[in-house]
Amino acid sequence: MQKQEEITSRLKQIFDLFLRENFLMTDNVYFEKLISHLQAKENASLLQAPFVIEWVDKCLTLITSDFHKVHPKVISFMLNIIGFMASNEWMILRLRELDIMHRMMSFMQANEQQFSPSIKLSCIRVMKVISNYSIGLAFQRMNRTWSVLIQYSSNEHTLYVVREARQLLFEMLYKFCDKMQDEAVTLEILSEIMKPIQDNVYITDNINVNASGEEERIHVNVDDNELLHKVTSAVDLLSYILQQTLVSEERTKIVSLLRDHNNIELNIWKLVEMTHNTYFTEKMLSALCSYHFALLLHEKILNPDCTEPPEQFTEFGLSFFNLIKFCIQRSDGINFVKMAVLHHILWKKLGSRAPKEIIIQDERVVFENQLICFHLLPLLFSMKFAKKMADESKSELFDTYIMKLLVMSCEQTLRLCYSVRDAFITPEGNTNGSLFTAELARKCVHSILSLEHIMDREQAITVCQALLYALREVVALSDASKSMHPEDCHGASTSNNYYDIYPRGADAIVNDPRVLHSVIVGLRTLIERFKITWKESVETIGLVNCLAYVLENCNMDATCTVQALKLVQLSVEHFLSPNMALLVDNLQGSALVCLGPIIVKRMHDTTWEVRDSALELAASIASISRIKFPAFQRFLIDVKIPPIVYEMAKHDSDPYVRASAYKCLSEMVSINSIWEDGLSQLDLVDHLLFVLYREHEDIVRAEAILTLGKIYDHRKIPSKYKNTLFSTLNFCVIGDHHWEVKVNALCFWRMEFHRQLKNQGMIDGVFPSVTFSKEHKKIVTLTDREIKLRIAKVLAEIQQYGYYGMMLKCLREEYAPEVLRILVAGIKMMNEKLNKYDFEIILSHIESLTPSAENTKTCPVFNKPGQQVSVDLDEDGTSINERQSNDVIESILNAQDMQLLEKTFESQMQINHADTQKRHIDEFYYKQFAVSVREWKEEVGKIDLDRLVVQQEEWFDCKDNLVCLLDDILNAIQRDANNEISDCLQLKRPGPDLDDS
């Protein structure tokens, strides 16, 4: 109760400060935080306090008289408060009594041009809240609030304002039209939306009546920028409303009202004929496309009175083909592609309501297949080498693919494809450079990639095959001026007349690096998303060959090279040629033979992204070579990749490359042949310990400790590094500042626990009844006492290296939630296992196994006040400290000034000091964490582990309570006011009198 009173008093004080004259707050984040807190359910009672609505009433009174009396952020805040109060139905009555809503709307309609986007957005949210009630809809109808929303829906406003206004306008339109059946209001809203279109298509003066009695009122104005600006916003809003009707599961009358009362299709076609502006044409065609889909859904699919068969889509199909044909006649390749994309997206919005196959002019087709054909046309027309191979009867696969395209296309689609060909290619066989461009081909690929989340697998395979043939064209073009040797592994043999093959000039598209980049990215995206293998597309067998040729011979930029390496990696991981699937131990006859030198070459590239991608490819090959394809092991050894990777890990200048090198080494250390033939001769462990102690880059240390863990798990680390190893692990947990390094170090300790327990006979988390004892060289029975003794040995071994002291220090000082979570999970798991046994007996076993505390603990010695300090004496009775002091004094007296300066800086900067050459941490660093298991158990029992994690997560997420936030706001307002006063004093301070000088 006291806390609630504190919040109320502070909030009332803040509200009063908000309305103070010349109010200023530089940190606007406080407004957002306060709104978030007041919106929460636990603070809903605050908004029902009388002072809140009184403050809103006072604020409205101030801004109604003079808009500039209140800060814009405060106005936006006030509107948000009204929206929160309006969400409570009981508060609406109180708002109505004070006429809050009517005054707010009058204020918004009178000053709409002066408002900031935050005020407009807050106003829209208030209207959205009240539209949930019938009384709110009546209020909006009375005040014609849709006029404000239509104004906010124009492109002159910010993205957030436009999006919220359009969404609310459609909801309001849908409720008036279909829920309340108010056709008059619906027509009024639609007429106001269509008003810019009607006013600029028709003229009302000098109307002539023709012989048939129809009024000739068409007003033609070609490419008037002012007209385009007026109409575009209205057309965008219209397209949004029509597309939103496609999401509705119920039939709406909005589409039929637009058709019957506004003649929308004819009006938009007239607008299309008025301009040759590509941008404006796209807007008009998008509106027509949206209208056709909305008409199809609500007047055919969802119309119970429709008598046509559900598969009959002739009218819709002809409308679609007319749009595509219009783009071809206008030679508008960009809008040709965009219309195919939009039709694909809207068709998917129909979902299961549309049949899989439709009938267009007595032909049963899959509509999506027609769209895919239009997407692929620019790529298909550039395939010269495939045509040459077909002429030589060497391309059965390509012929099969072309037949597949012909089968999936209907007659109208093929006619339009031929029309595109006539537009792209002249009768003489030359390409039309103004239309058939590399940019158009690139946009086609990008348009396909934009549909990856809605595209079916069948269409994705068709597109993937086309991209593979396009990549083959790149190889053919690069090879056109070369003569290939028969033993070349790529096998790309073409003649020198490549440039003369029909159509002439298409090679400019294939040769464009942007197109190559798009093709490679497209292949990688489709293969990865749809898991395409050589079973679905036989053409993928030659993918690695083509990529190897491209990487070896083409002068690609770094971006293309990176994508090509990633695609090779994906090809190796997901699919290889059938002979690799037989697990043969010989790579002869495969492009992978040539891939080794290419990887080595790219590992020495000057661009770090290329080196990083080459390392990722090497790591992927190493990963699958362990079990799946053992032939890769000899492949990596023969080209000497392991030592190159190690040198990159040590000396590469980029930290991301070094981290990838350690990741690659992690995959290699578990492979026996690679370890024995290369890695075992390297000082890998020594260098990793050095990196964990001396490396400055967090990502490198995080990967280095994982690599060290792999070595410790699969190989034997020399005993001379054992103390240094565990000291380094404790240092990583306590001394490192990066949470990921700490987590990896704790995982290393967990692995050590499992390893020790496994050595004591534990299998799958439990001790069997009998096991083989390495110590006694025989099978022994594991009694309860023997199990407890073995657990005690493990805990004592871990205790020796300071694990428990390190954990306690970490629990007390750690702040990263990720580290605490894994630490607490490890403690809980350990307690769960130990609680199965008598822990006191285990502790007694541990104490009997460990030496006495007097011999193991190293405690600092403190001298008592009256105790004399003992000093070691030399043989002649002179104390060593005294003799050293005399020597120092004599050296100072005899030395020159320059020598003194040199010695001073050598001491301060540690020049030639032994510590600068120290590679590893002190091997006995772990001794400072010496804590017994008993002490650890007692200390952990005093800590609420779950509460500790929750507190750290709340602190990390900055989840402050409302009282603290209100105090911060008060302090911020006072601070800003003081700063403003000091600035005013400085401005009023008189300057020096120049005449006196």
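A search of the whole structure, which is a predicted model, turns up three cavities of 30 Å³ or more. The largest cavity has a volume of about 70 Å³. Its lining is made up of Cys327, Ile328, Ser331, Asp332, Gly333, Phe336, Val420, Ala423, Phe424 and Leu435. Three helices, α16 (314–329), α17 (333–350) and α21 (411–424), each bring at least two residues to the lining of the largest cavity. The biggest share comes from α21, which gives three residues. Sorted by class, the lining of the largest cavity holds seven nonpolar, two polar and one charged residues.

Around the second largest cavity stand Leu379, Ser382, Ala470, Val474, Ile509, Val510, Val515 and Val519. The elements that supply two or more of these lining residues are α23 (457–478), α24 (507–510) and α25 (513–530). In the second largest cavity the lining divides into seven nonpolar residues, one polar residue and no charged residue.

With a relative accessible area of 42%, valine 538 is partly exposed.

Charged side chains also pair up in this model, and the structure holds 41 salt bridges. One of them joins arginine 251 to glutamate 299, with the closest N and O atoms 3.2 Å apart. Arginine 251 belongs to the loop between α12 (225–247) and α13 (254–262), while glutamate 299 belongs to helix α15 (residues 278–301), so this pair ties together parts that are 48 residues apart in sequence. Arginine 251 is partly exposed, with a relative accessible area of 35%, whereas glutamate 299 is buried, with a relative accessible area of 16%.

Another salt bridge connects arginine 658 with glutamate 695, the closest N and O atoms being 3.0 Å apart. This pair also links distant parts of the chain, with arginine 658 in helix α33 (residues 655–668) and glutamate 695 in the loop between α35 (684–694) and α36 (698–714), 37 residues apart. Buried means under 20% relative accessible area. Arginine 658, at a relative accessible area of 10%, is therefore buried, and glutamate 695, at 19%, also counts as buried.

Arginine 701 is buried, with a relative accessible area of 3%, whereas aspartate 698 is partly exposed, with a relative accessible area of 23%. Salt bridges can also share partners, and in this way Glu439, Arg442, Lys443, Asp512 and Arg514 are joined into one network.

Burial can also be followed along a whole helix. In helix α31 (residues 631–638), six of the eight residues are buried, so the helix is largely enclosed by the rest of the structure. The buried residues of α31 are Ala631, Phe632, Gln633, Phe635, Leu636 and Ile637. After α31 comes lysine 640, whose phi is positive, near 60°.

Most residues other than glycine have a negative phi. Against this background, glutamine 181 stands out with a positive phi of about 55°, although it is not a glycine. Glutamine 181 lies in the loop between α10 (159–179) and α11 (183–201), and it is partly exposed, with a relative accessible area of 47%. Asparagine 263 likewise has a positive phi, near 50°, and is a residue other than glycine. The loop between α13 and α14 (264–273) is where asparagine 263 is found. Asparagine 263 is partly exposed, with a relative accessible area of 37%.

How values were computed:
Residues numbered from 1 in each chain as written. Predicted model: local features only at pLDDT ≥ 70, side-chain atom pairs only at ≥ 80, totals over all residues. Heavy atoms only, no water. 1 Å grid on protein atoms, 1.4 Å probe; cavity = no way out; pocket = protein on both sides within 12 Å on 5 of 7 lines; lining within 4 Å. Points joined across faces, edges and corners; volume = space filled by probe spheres on them. Helix = DSSP H or I, 4+ residues; strand = E, 2+ residues; numbered from the N terminus. Nonpolar A, V, L, I, M, F, W, Y, C, P; charged D, E, K, R; others polar. Buried < 20%, exposed > 50% of the residue type's maximum accessible area, 1.4 Å probe, protein only. Salt bridge = Lys/Arg side-chain N within 4 Å of Asp/Glu carboxyl O.
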